[in-house]
Amino acid sequence: MMSEDAEEGISVAAGGEILGQPTSVPEKDPEYPLKVQYCPECTRPLEFCEYGEDYAACLQTLNEKMPDLFKELNLSLDMAKDVEKKKQKRGGKAQKEKQAKKTETAQSEQKIEIQVVVEGKRSRTRISGFHTFDIKVNEAKKTLAKKLGAGCTLEKDIIILQGDNVDYLVENVPKFWPIIPADAIEEL
């Protein structure tokens, strides 16, 4: 879709570009190979320093070692503070919950609770407290299922074993996990 300007006789494209003439004239064609300047601090090209881990250190080094370039690029030492505000912290909501859970377990007593629950003819052994010793509950479940040869399920942080296994667990849990002292095991 072109239109001709009657007064000047110039063809104009739909986007407003004048045919035959570029809208923006490059100042100068780049000479190849290009010479890229790298930051002495993070060893990235100067344009990418702000995406690095320590932008403030990059700016400080640039100011000290290349003051002419620092002024030419219109940089200031306060720019690092602005970039830090914009950066997203890793972890988000899940990380905060994990941190809160760790502080909660650190404040509570470290103990393993073992309880037998009888349902009709069947009995089940419930074990909780592995997370207070920073033991992965899923791995503890697998280990106990192999050692006991019993069915095992997991509900939140509670391991449920088929059968009455209290005596075996009281004796052998400190052997399987040396982190857990024998007096930290409590029968309910």
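Guide: A residue is called buried under 20% relative accessible area, exposed over 50% and partly exposed in between, with a 1.4 Å probe and protein chains only. Of the 188 residues of the protein, 23% count as buried. The model is predicted: local features need pLDDT of at least 70, side-chain atom pairs count only at pLDDT 80 or more, and totals for chains, interfaces and linings use all residues. Residues are numbered from 1 along each chain as its sequence is written, and side-chain values use heavy atoms, with hydrogens and water left out.

Visitor: How many helices and strands does the protein have?

Guide: The protein has six helices and seven strands, these being DSSP runs numbered from the N terminus (helices: H or I, at least four residues; strands: E, at least two). From the N terminus on, the order is β-β-α-α-α-α-β-β-α-β-β-α-β.

Visitor: Which strands pair with E6?

Guide: Strand E4 (residues 122–128) pairs with strand E6 (residues 158–162) in the antiparallel sense over five bridges, and Arg124 has Gln162 of E6 as its bridge partner. Strand E5 (residues 152–155) also pairs with E6 in the antiparallel sense, over four bridges, with Thr153 opposite Ile160 in E6. The hairpin of E5 and E6 has two residues between the strands, and Lys156 there takes a positive phi near 55 degrees.

Visitor: In what sense do E3 and E7 pair, parallel or antiparallel?

Guide: They pair in the parallel sense, over three bridges. Ile114 has Glu187 in E7 as its bridge partner.

Visitor: Why is the contact of Glu113 with Lys111 called a salt bridge?

Guide: The term requires a side-chain nitrogen of Lys or Arg within 4 Å of a carboxyl oxygen of Asp or Glu. The closest N and O atoms of Glu113 and Lys111 are 3.6 Å apart, so the contact qualifies. Glu113 has a relative accessible area of 26% and is therefore partly exposed; Lys111, also at 26%, is partly exposed.

Visitor: How many salt bridges does a search of the whole structure find?

Guide: The search finds three. Another of them joins the side chains of Lys111 and Glu186, at 3.6 Å from N to O. Lys111 lies in the loop between helix H4 (92–107) and strand E3 (112–119), and Glu186 in strand E7 (residues 185–187), so the pair ties together parts that are 75 residues apart in sequence. Glu186 is partly exposed at 30%.

Visitor: With which residue does Arg124 form a salt bridge?

Guide: Arg124 forms one with Glu119, the closest N and O atoms being 3.2 Å apart. Arg124 is partly exposed at 30%, and Glu119 is partly exposed at 45%. Shared partners join Lys111, Glu113 and Glu186 into one network of salt bridges.

Visitor: What makes the negative surface patch?

Guide: Asp164, Asp167, Glu171 and Glu187 form it. Patch residues have over 30% relative accessible area and no salt bridge, with like charges joined within 9 Å and nonpolar side chains (Val, Leu, Ile, Met, Phe, Trp, Tyr) within 5 Å. Asp and Glu count as negative, Lys and Arg as positive, and His and the chain ends are not counted; a charge is placed at NZ of Lys, CZ of Arg, CG of Asp or CD of Glu. Asp164 is in the loop between E6 and helix H6 (166–176); its relative accessibility of 53% is over 50%, so Asp164 counts as exposed.

Visitor: Which residues make the nonpolar surface patch?

Guide: Tyr32, Leu34, Val36 and Tyr38 make it, with an area of about 470 Å² (Shrake-Rupley method, 1.4 Å probe; for residues, only the protein chains shown count as cover). Leu34 is in the loop between strand E2 (11–12) and helix H1 (55–65), and at 52% relative accessibility Leu34 counts as exposed.

Visitor: How do you know whether Val170 is buried, partly exposed or exposed?

Guide: Val170, in helix H6, has 28% relative accessibility and therefore counts as partly exposed. Val170 and Ile185 are 15 residues apart in sequence and 6.7 Å apart in space, C-alpha to C-alpha.

Notes. Two strands pair if DSSP finds at least two bridges between them.
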